[in-house]
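I opened my notebook for a slow look at this one. Here is what I looked up, entry by entry.

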2 protein chains.
Amino acid sequence: MNYEIRRIENILKQKNYKITNGRKEIIKLFVKNRNNHYKPEKIYDLVKSYNISFPTVYRTIEILKKSGIIKETIIDRDRYYELQMFSKKSLHLHLKCMECGMVSDYIDTKSILYLLDQKDKIEKQHEMVLNNIYTTFYGICRDCRR
Amino acid sequence: MNYEIRRIENILKQKNYKITNGRKEIIKLFVKNRNNHYKPEKIYDLVKSYNISFPTVYRTIEILKKSGIIKETIIDRDRYYELQMFSKKSLHLHLKCMECGMVSDYIDTKSILYLLDQKDKIEKQHEMVLNNIYTTFYGICRDCRR
DNA sequence: TTTTTTGCAAAGACTTTGCATTGGA
DNA sequence: TCCAATGCAAAGTCTTTGCAAAAAA
């Protein structure tokens with residue numbers, strides 16, 4: 001984990017970003033919780049004890065996103081961020097519970113291959129160049145059905 | 001078209017909503033342009049000449065959505081609305097151009113069947129009940145590539 | 001030291017709400 | 001007539017920005 005944090009920090013250094021306390025904590029959060037999807041507010045909640053403000057959270061998210069370290073997914077009107085580097089899930093689908101708001105991954109190789117196939121088809125048919133696919137399934141999760 | 005407008009108005013009447021001028025114009029807009037996806041601001045632009053305010057646009061959208069007459073799709077952080085009633089496309093995918101913002105439909109029966117199949121699989125595997133699927137492909141459209 | 005980053009407060013975009021007035025049935 | 005719907009202005013969210021102070025290199 002520390003190796004990964006150092007690698008991320010090096011990427012930022014190469015881009016002439018300074019490794020500040022705020023950035024360190026936010027990077028640590030993503031590396032430590034690589035399967036979680038965090039909204040900006042949640043990130044703020046988790047790091048505010050280190051005296052990190054909302055603008056810094058947003059500004060850091062922007063840098064990490066631009067650098068390909070984290071990935072943004074928008075579900076409903078909310079932004080979610082998760083670690084993209086070192087991630088084995090290249091493309092994945094999301095599930096969202098409409099009751100409690102829980103968002104989780106759905107990783108299924110066949111679906112991904114299917115969607116990539118569609119991508120090729122659309123590129124030809126619509127003469128577009130596509131570079132991202134988002135799929136979200138909405139429903140009620142196990143816990144909320146009880 | 002007029003028949004469809006009257007049918008929508010009857011649905012609203014049954015729910016004890018009054019058929020006001022503002023609601024009439026917004027319904028007409030959706031029925032006349034059934035393949036378009038409109039953001040709230042665009043709807044406002046198209047009806048403001050009838051003295052319809054922003055709050056009325058938002059309130060009408062809410063009613064039409066709750067009544068199953070229009071369907072909301074969120075792409076990036078923007079809301080888009082389109083006619084759902086009388087629509088032959090039960091489930092469809094969206095394409096978005098990241099350059100000009102254009103959003104269009106991608107209708108492909110095989111993809112839909114595939115996703116519905118995945119839905120069943122997820123429902124079993126995750127013990128969820130799913131009732132909606134959204135897929136968006138992002139890229140650059142033909143016009144913007146020129 | 002020098003330049004970037006920060007926190008704060010304020011501004012911005014988009015959306016919703018309170019309320020007196022208007023208008024549909 | 002009577003209650004729902006409207007426009008206006010104001011308030012709410014969430015996010016971004018300007019700026020002086022602080023911190024990294």
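This is a predicted model: local features need pLDDT of at least 70, side-chain atom pairs count only at pLDDT 80 or more; totals for chains, interfaces and linings use all residues.

**Entry 1: salt bridges**

I started with Glu4(A) and Arg34(A), whose side chains meet in a salt bridge at 2.3 Å, N to O. I count a salt bridge when a side-chain nitrogen of Lys or Arg is within 4 Å of a carboxyl oxygen of Asp or Glu. Glu4(A) sits in helix H1 (residues 2–14) of chain A and Arg34(A) in the loop between helix H2 (21–32) and helix H3 (40–47) of chain A, so the pair ties together parts 30 residues apart in sequence. Helices (H or I, at least four residues) and strands (E, at least two) are DSSP runs, numbered from the N terminus.

Residues are numbered from 1 along each chain as its sequence is written, chains are lettered from A and ligands numbered from 1 in the order in which they are written, and side-chain values use heavy atoms, with hydrogens and water left out.

Next I checked accessibility: Glu4(A) is buried, with a relative accessible area of 16%, whereas Arg34(A) is partly exposed at 26%. Buried means under 20% relative accessible area, exposed over 50%, and partly exposed in between (1.4 Å probe, protein chains only).

I also looked up Asp45(A), which forms a salt bridge with Lys48(A), their closest N and O atoms being 3.2 Å apart. Asp45(A) is partly exposed at 37%, and Lys48(A) is partly exposed at 41%. Glu62(A), Lys65(A) and Glu72(A) are linked in a network of salt bridges.

**Entry 2: where the chains meet**

How many residues of chain B are in contact with chain A? I find 39 of chain B against 39 of chain A, with contact meaning heavy atoms within 4.5 Å. The two chains bury about 3600 Å² between them, 58% of it on carbon and sulfur atoms; this is the accessible area (1.4 Å probe) that two parts lose on being put together, summed over both. Arg77(B), Tyr114(B) and Phe137(B) supply 19% of the area that chain B buries against chain A, more than any other three residues.

Four salt bridges run between chain B and chain A. In one, Lys121(A) pairs with Asp108(B), the closest N and O atoms being 2.7 Å apart. E5(B) gives 12 residues, the largest share of the side of chain B that touches chain A.

I then looked at Glu127(B) and Arg142(A), whose side chains meet in a salt bridge at 3.3 Å, N to O. This pair crosses between chains, from the loop between H5 and E5 of chain B to helix H6 (residues 142–145) of chain A.

**Entry 3: aromatic rings**

I count 11 aromatic pairs over all chains. Phe54(A) and Tyr58(A) form a stacked pair, 5.8 Å centre to centre with 25° between the planes. My rule pairs rings of Phe, Tyr and Trp (its six-membered ring) if their centres lie within 6.5 Å; planes under 30 degrees apart count as stacked, over 60 as edge-to-face and the rest as tilted. Both residues lie in helix H4 (residues 54–66) of chain A, four residues apart, about one turn of the helix. Ring pairs also link Tyr44(A), Phe54(A) and Tyr58(A) into a cluster.
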